[in-house]
Amino acid sequence: MSAAAEIGDMATLRREIDAIDADLVRLLARRASMIERAIELKPGEGLPARIDTRVRDVLEKVIARAHAEGLDTDLAERLWREMMEHFIAREEEVLGKGDAT
């Protein structure tokens, strides 16, 4: 991958963006598979789908990482909140609702 400042034309830039998008999709698919595994493991550990302390922990880590990488922290937080709510809803489909703090 090239640094953005080194790219001199839109065709190359678009190829780089497409490659990044492909990587992001692969990583999101991997994360989704981890959630499916969490659905299998949580009942045995007596854990509900939503664990608010875990949500806060993940967000804190993501915001710190976004800041360190120069990514807009508001964007990172919005994206992760949306993603986590999606995955929590998936877990609740299987495990039912219930909160833990």
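I looked up Arg81 first, and Arg81 is partly exposed, with a relative accessible area of 43%. I take buried as under 20% relative accessible area, exposed as over 50% and partly exposed as in between, with a 1.4 Å probe and protein chains only. This is a predicted model, in which local features need pLDDT of at least 70 and side-chain atom pairs count only at pLDDT 80 or more, while totals for chains, interfaces and linings use all residues. Residues are numbered from 1 along each chain as its sequence is written, and side-chain values use heavy atoms, with hydrogens and water left out.

**Entry: single residues**

I placed Arg81 in helix 3. Helices (H or I, at least four residues) and strands (E, at least two) are DSSP runs, numbered from the N terminus. From Arg81 to Glu92 I count eleven residues along the chain, and their C-alpha atoms are separated by 16 Å.

I then went to Asp72, which sits in the loop between helix 2 and helix 3. Asp72 is partly exposed, at a relative accessible area of 44%. His86 is 14 residues from Asp72 in sequence and 22 Å from Asp72 in space, C-alpha to C-alpha.

Arg14 belongs to helix 1. I noted Arg14 as exposed, at 52% relative accessibility. Arg14 and Glu85 are 71 residues apart along the chain, with 30 Å between their C-alpha atoms.

**Entry: the chain**

I read three helices and two strands in the chain. Along the sequence the pattern is α-β-α-α-β. The radius of gyration of the chain is 17 Å, well over the 13 Å that the globule rule gives for 101 residues, so the chain is more spread out than a compact globule. That radius is taken over C-alpha atoms, and the globule rule is 2.2 Å times the number of residues to the power 0.38. The C-alpha trace spans about 55 × 25 × 15 Å along its principal axes.

Of the 101 residues in the chain, 22% are buried. I also looked up the contacts (heavy atoms within 4.5 Å). Among those with a separation of 6 or more, 67% are between residues 24 or more positions apart. The accessible surface of the chain is about 7,400 Å², and 55% of this belongs to carbon and sulfur atoms. These areas come from the Shrake-Rupley method with a 1.4 Å probe; for residues, only the protein chains shown count as cover.

**Entry: the largest pocket**

I used a 1 Å grid over the protein atoms alone, where a pocket is an open set of points with protein on both sides within 12 Å along at least five of seven lines, and lining residues have an atom within 4 Å of a point. Grid points are joined across faces, edges and corners, and a volume is the space filled by probe spheres set on the points.

The largest pocket has a volume of about 760 Å³. I listed 17 lining residues, with Leu24, Leu27, Val62, Leu71 and Trp80 nearest the centre. Helix 1 (10-41), helix 2 (52-69) and helix 3 (73-95) are the elements that give two or more residues to this lining. Helix 1 gives the most, with six residues. The lining has 13 nonpolar residues, no polar and four charged. I count Ala, Val, Leu, Ile, Met, Phe, Trp, Tyr, Cys and Pro as nonpolar, Asp, Glu, Lys and Arg as charged, and the others, Gly among them, as polar.

**Entry: the second largest pocket**

The second largest pocket holds about 360 Å³ of space. Its lining has 16 residues, and Arg31, Ile35, Arg54, Val58 and Met84 are the closest to its centre. Helix 2 gives the most to this lining, with five residues. I sorted the lining into eleven nonpolar residues, no polar and five charged.

Technical notes
1 Å grid on protein atoms, 1.4 Å probe; cavity = no way out; pocket = protein on both sides within 12 Å on 5 of 7 lines; lining within 4 Å.
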